[in-house]
Amino acid sequence: MPTTMASPSTIETALVANNICKSFGPNEVLHGVSLNVVAGEVHALLGENGAGKSTLVKILSGFEAPSSGALVYEGRDVHWSSAEAENSGVILIHQEFNLAEQLTVEESIFLGREITKGPFLDKVRMRTLAQGYLQALDCYADPSARIHDLAVADKQMVELAKATSRNARVLILDEPTAVLTGKETKVLFELIRRLRAQGVAIIYISHKLEEIEEIADRITILRDGTLVGNYDANELTKDDMARLMVGRELSDLYPHILTPPEDAEIVLEVDNLKIPGVIFNASFSLKKGEILGFAGLVGAGRTALMEAIIGLTQNVSGEVRVFGKPVAYKDLSEARDDGVAYLTKDRKEKGLLLTHGLCPNFSLFSLQKFSNLLIDETAERKAFEAASKVFDLRVGDMSVPAGSLSGGNQQKLLLAKVMEVAPQIVIIDEPTRGIDVGTKSQIYQFIKELAEAGRSVILISSEMTEIIGLSHRVAVMCNGTLSGILQGADLEEHEIMRYASGLKGNGKYE
C-alpha cells in the first residue's frame, strides 16, 4: 500500500508538487501527480519510459510549466523559469548532456557564473576550483580540455561537478549512471550520501532497480502519467518495484531460448583480428540461430571489435568470413548488403536523427527499398506502420521528431530501422541502456524470436545478468584481447569476471 504523504509542517520539506497536470496540445501526459521532496533524503522516481518522469522533473526545475497544479518551494508558491529554479538551488542534471561541446571543462562548470578579477576572467581561480570539484568525483579530466574531446563518462562527471559547484538544495539526477562504470557509480553514490548528510534533497531517476534498492529512502512510482503511489524504500523489493511500474508480474524477464543444433551452419568467422593499439587478438565464430554474448569491462574493446567487423574501422588485420566468404567491409552499406547489421549503443548521436521525423529515421538504412529517383512515401509509411505494430512503437503522432520519443520508443525505432533490411547477422550493442524494465522484456522477447527464426545475434551488454540470461555462449574481452569463450556451467558471473579482469584466459596479466 502507498504510504501517506507526510505533512510539510511535520518535516523539513524542500519541494512539493501538488496535483500537477501537463498537456502538450490535446495530449495530457501527467494526470494530477503529487510529490513531496524532503531535505536530506534520496527520493527515487520510477516508471517505464513514457510514464512522465522526465516531464515531471522538468516542471519541478522550471524547464516546463505545468498546465495546472502548484509548486511549493521552501514554503512559498513558485512559478519559475529554469534559470530562476537553478538560482534558488533546484538543479536538474538531464539524461541528455547539457554541455556546450566547444567550451572547456572549466568554462562549462562556471558558465553564467564566471569568476572575474577586475574586468578579466580569473582563469587560474576557475581552473583550480574546477579541478577540486572533479577530483572530489575521482575524475581527473583536464579542466582546460574541450568538452567534445572528453569520454562520455567524463562528460557526466563534468555535469555533476557543475551541479555541486552551485550549492544545490534540490538535486535532480535523471539516469545519471547510464554511461558510468561500476567504479564511477560508487563514486557518485558516495557523493549522494555526502549531499544527503548535508541536507540536500535528491530526486533520483534510474531504471536500474538494484541502484534504487541501495540508495533510495523513499520511492514514487508513475505509470502512464498517473501516480501509482509513494512508498518507503524498505517496503518494496525489486520485484515489487517492477510490478508496480508495469502493472503486471515480470517473473520471466529472460525468455527460454532454444539452443541451435551442434551442426548448425557457421555464419561468421573472425580469425586473429587486430587493430593497432586497440585489439590485440580476437578469434571467434558464430552459428546460425545462436546468441553470442560479449562481456568485458569498459574499455576492453568489445565495441571496437564489432566496429572493425562491420567496416567502421579500416586499419584492421586478420580475416573475417561471412557465410564462408572473406570480407573486408569499407562501410555499413557493404555489410548490410551481405546481411550483416549493427545497432549502435549510442542511439542519440549515431543511431537516429533526433530532429527528423519517424518515417525518415525508419527508412534511412533501407532507403533503396522505397526509392528510385524519388522516395515512395506511401510505401515508406505503410512499411513504418507495419513495423510499429511489430515493435510496439507507442507514438500518437507520426509527424513528431524522433528526439521527442521516450528512450524505450527510440530504441524500438532503431531496432525497426535496422531490421527493415532483414539481416541474417545482427550485432546489438547495449540493447537496453536507459530502458525501463517493461521495454526490456519486450526487447528480450524480440531477440529470442530472432534467434529461433534462424538469425544470428551478437549481443554486447554491460549488464551481467542480461548477458547470462540471453546468451548461448559468452565471449569475454580483456585489455583488447578475447580472453575466453564460456558456455554451459561456466556461464556464471564470477567466472566471467575472472576472464574480464585478467585473472584467467588469454588476456590475463603477467
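How many residues lie between S16 and S17 in their hairpin, and which residue in the turn has a positive phi?

**View 1. Strand S16 pairs with S13 and S17.** This is a predicted model, where local features need pLDDT of at least 70, side-chain atom pairs count only at pLDDT 80 or more, and totals for chains, interfaces and linings use all residues. Residues are numbered from 1 along each chain as its sequence is written, and side-chain values use heavy atoms, with hydrogens and water left out. The S16-S17 hairpin has 2 residues between its strands. Phe323 in the turn has a positive phi of about 50°. Strands (E, at least two residues) and helices (H or I, at least four) are DSSP runs, numbered from the N terminus. Two strands pair if DSSP finds at least two bridges between them. S16 (residues 317-322) and S17 (residues 325-327) are antiparallel, with 3 bridges. Here Val320 stands opposite Val327. S16 also runs antiparallel to S13 (residues 266-275), joined by 5 bridges. Leu268 has Val322 as its bridge partner.

**View 2. An open sheet holds 4 strands.** Their order is S2-S1-S4-S5, with antiparallel pairing. S2 (27-38) and S5 (76-78) are the edge strands, each pairing on one side only. S1 (residues 13-24) and S2 share 8 bridges. Ser23 stands opposite Glu28 in S2.

**View 3. Tyr254 and Tyr444 form a stacked pair.** Rings of Phe, Tyr and Trp (its six-membered ring) pair if their centres lie within 6.5 Å; planes under 30 degrees apart count as stacked, over 60 as edge-to-face and the rest as tilted. By this rule there are 8 aromatic pairs. The centres of Tyr254 and Tyr444 are 4.9 Å apart and the planes at 25°, so this pair is stacked. The two residues are 190 residues apart in the chain. Tyr254 is in the loop between helix H8 (238-246) and S13, while Tyr444 is in helix H15 (residues 437-452). Tyr254 is partly exposed, at 26% relative accessible area. Tyr444 is buried, at 0%. Buried means under 20%, exposed over 50%, and partly exposed in between (1.4 Å probe, protein chains only).

**View 4. Phe362, Phe370 and Phe384 form one aromatic cluster.** The rings of Phe362 and Phe370 have centres 6.4 Å apart and planes at 45°, so the pair is tilted. Both residues are buried.

**View 5. The charged end of Lys22 sits over the ring of Phe24.** It lies 5.1 Å from the ring centre. The charged end of Arg336 sits over the ring of Phe365, 5.6 Å from its centre. The rule asks for NZ of Lys or CZ of Arg within 6 Å of the ring centre and within 35 degrees of the ring normal.
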